Amino acid sequence: MSGHVFVVGADLIRLSCDDVLVPTDRGMRVDASWLPLLPAGALAASDDDGATVAGSWAPGARVREVPGCGERRAWLVDTVEHEDDGGRGLSWLLEGAHEALAAVARRPVERPAHGRARRLVGLPALGTGWGGAAGRRGALLQQLLPVLRQAAAEHGYDVALVLRRPSDLAAAQRVRRAEGGGWALPASLRQVAEELGARARAGELAVFLGAGVSAAAGRPTWEALLDELAERAGLGADLTAGLAGLPPQDAAALLARELGRDELAAYVQQRFGPGPYALAHALVAGLPVREFVTTNYDPLVELAAADVGRPLRVLPFTEAAPGEPWLLKLHGDAAHPDSIVLTREQYLEFGDHRTALAGVLQTLLLTRHVLFVGTSMLDDDLVRIAHQVRSVLADPAAEARRRNGTVLALQEDPVRARLWERDVDTVAMGDAGVPGPEAARRLEVLLDLLGCLSSPPTGYLLDPAYRGLLDAEERALAAALGDVATALAGSSGQSWAGHEVRRVLRDLGQQDR
């Protein structure tokens, strides 16, 4: 079965992967930015700018697995062409990528990280730093993507091309849109992605993230968290089995009594702290959306957004600011243990004292189209908020009214879909027979398509590295806007007009001077 090639804005250091390709040169010198991927014992020497990996290449090889990496493996790839390599430029670089992906495939991986259906191999745009593609990013992307798709098809794993600069991501998405295809989704799911993409481009989309998103990064779901707490509390087998018969909030209340609220809060803080984020976090964080809501305690979507230059203001712990994206933590934040909502008592306190937070989600349901990802739609607060919105919109004379959102469910659940049909469209990734991990992977593919369709179409226009992607009209526009950028560079730029024009130019790929 063919794998899929994802294009995602993220930090490869923090993205959860099974294998990572690390660019180097003939002397196995690695830039300092990649060192967190390598075990200290693998380094022969280091300084402020980077390090040299111990060992040597096999005869004729350009790929080498770094020993001692643990579960996530790092692979060195020589991306710096030398005179004796034939001076073939991009073709030489692409051959190295092909060799590296084949070497990765020869290492067996029985269980991908965190129960993912397919192994995930992450790599940057190889050769755009020290290597042979510096200054030719457009040509590289046009030729690298087919190499990645061929490897995914041949070896059956998934590939994540990880990009940090907004202009890199915008250019890669343009190349994918021009090529078409590449998303193995039923026509119905492609249609959903197109409709959601149109809403995102129009500024109509908001996102709600549930525990299922963070489960892909190893964080426990509600049920798994209760099991962990029961084991920590040392409950007997009878009591532990009986917890399953209680509503989750009551089970949490019993465990809080056994452990003590302070120990419970400390465990939640430790279990939901910072760490590697999942592919879905990065795909969601990269959408052109300014309003996010979550019931998750962890900071993973915030980390993913910050890594692509879109820091989120986390409500209610920081103030919202005009024009800046924000994330509402509806049930609290692990970094603020006193804010956690977990037990029945805390849920009741939420209803009494945190109605302002619920009001934010109510407003989004009234004014935006909310995309629900990774949630079962069974949370008591969510049910109550939706009921209140439904009551406000109720009109006995109306034949039908708009639905307030779209739920991306993993498997078909006709009863739950019928329960919510007055409020949201429920879109399942597959029928009840599709294994959960495979349904979750299909959700990632849909989010990847949504990101491609909603990506700003001109985010690379003023980046010289992508001049080769432009048509004649775009080149003329880029030249004219370049004159504007030059004029701004020679002025004080203190006016409101100057600040606004600079913002527009940055959105079009203008690099800081």
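**View 1. F272 and Y297, two aromatic residues, are both buried.** Here buried means under 20% relative accessible area, exposed means over 50%, and partly exposed is what falls in between, using a 1.4 Å probe and protein chains only. Before going on, a word about the model: it is predicted, so local features need pLDDT of at least 70 and side-chain atom pairs count only at pLDDT 80 or more, while totals for chains, interfaces and linings use all residues. Residues are numbered from 1 along each chain as its sequence is written, and side-chain values use heavy atoms, with hydrogens and water left out.

**View 2. Aromatic rings pair up here.** Rings of Phe, Tyr and Trp (its six-membered ring) count as a pair if their centres lie within 6.5 Å; planes under 30 degrees apart make the pair stacked, over 60 edge-to-face, and the rest tilted. How many aromatic pairs does this rule give? The count comes to three. Take F208 and F372: their ring centres are 5.3 Å apart and their planes are at 40°, so this pair is tilted. F208 sits in strand β10 (residues 205-209) and F372 in strand β14 (residues 369-373), so to speak a link between distant parts of the chain, 164 residues apart. Helices (H or I, at least four residues) and strands (E, at least two) are DSSP runs, numbered from the N terminus. F208 and F372 are both buried. Then there are F272 and Y297, with ring centres 5.3 Å apart and planes at 90°, so that pair is edge-to-face. This one also links distant parts of the chain: F272 is in the loop between α9 (261-271) and α10 (279-285), and Y297 is in the loop between β11 (291-294) and α11 (300-306), 25 residues apart.

**View 3. R62 lies over the face of W92.** The distance from R62 to the ring centre is 3.4 Å. A charge counts as sitting over a ring if NZ of Lys or CZ of Arg is within 6 Å of the ring centre and within 35 degrees of the ring normal.

**View 4. Strands β3, β5 and β4 make an open sheet, in that order.** The pairing is antiparallel, and two strands pair if DSSP finds at least two bridges between them. Which strands stand at the edges? They are β3 (29-31) and β4 (43-47), each with a single partner strand, so one side of each has no neighbour in the sheet. Direction ignored, neighbouring strands of this sheet are turned by 25° against each other on average; axes are lines fitted to C-alpha atoms, for helices over the stretch in contact, and angles run from 0 to 180 degrees between N-to-C directions. Look at β4 and β5 (residues 50-53): four bridges join these antiparallel strands, and A45 has T52 in β5 as its bridge partner.

**View 5. Strands β10, β11, β13 and β12 are linked by parallel pairings.** Three bridges join β10 to β11, with L209 bridged to T294 in β11. Strand β12 (residues 313-315) pairs with β13 over three bridges, and R313 has W326 as its partner in β13. Both faces of β11 are covered: E291 and V293 on one side, F292 and T294 on the other, are all buried. Strand β13 (residues 326-329) is likewise covered on both faces, with W326 and L328 buried on one side and L327 and K329 buried on the other.

**View 6. Helix α17 (residues 472-489) has 18 residues.** From its first C-alpha to its last, α17 reaches 26 Å, close to the 26 Å expected at 1.5 Å a residue; the expected span is 1.5 Å times one less than the number of residues. Which residues of α17 are buried? They are E474, A478, G482, A485 and L488. Turned away from the buried side are the exposed residues A472, E473, D483 and A487.

**View 7. In helix α9, L264, Y267 and V268 are buried.** They cover an arc of only 100° around the axis, which puts them on the same side of α9. The face turned away carries the exposed residues D262 and Q270.

Methods
Arc of directions from axis to C-beta.
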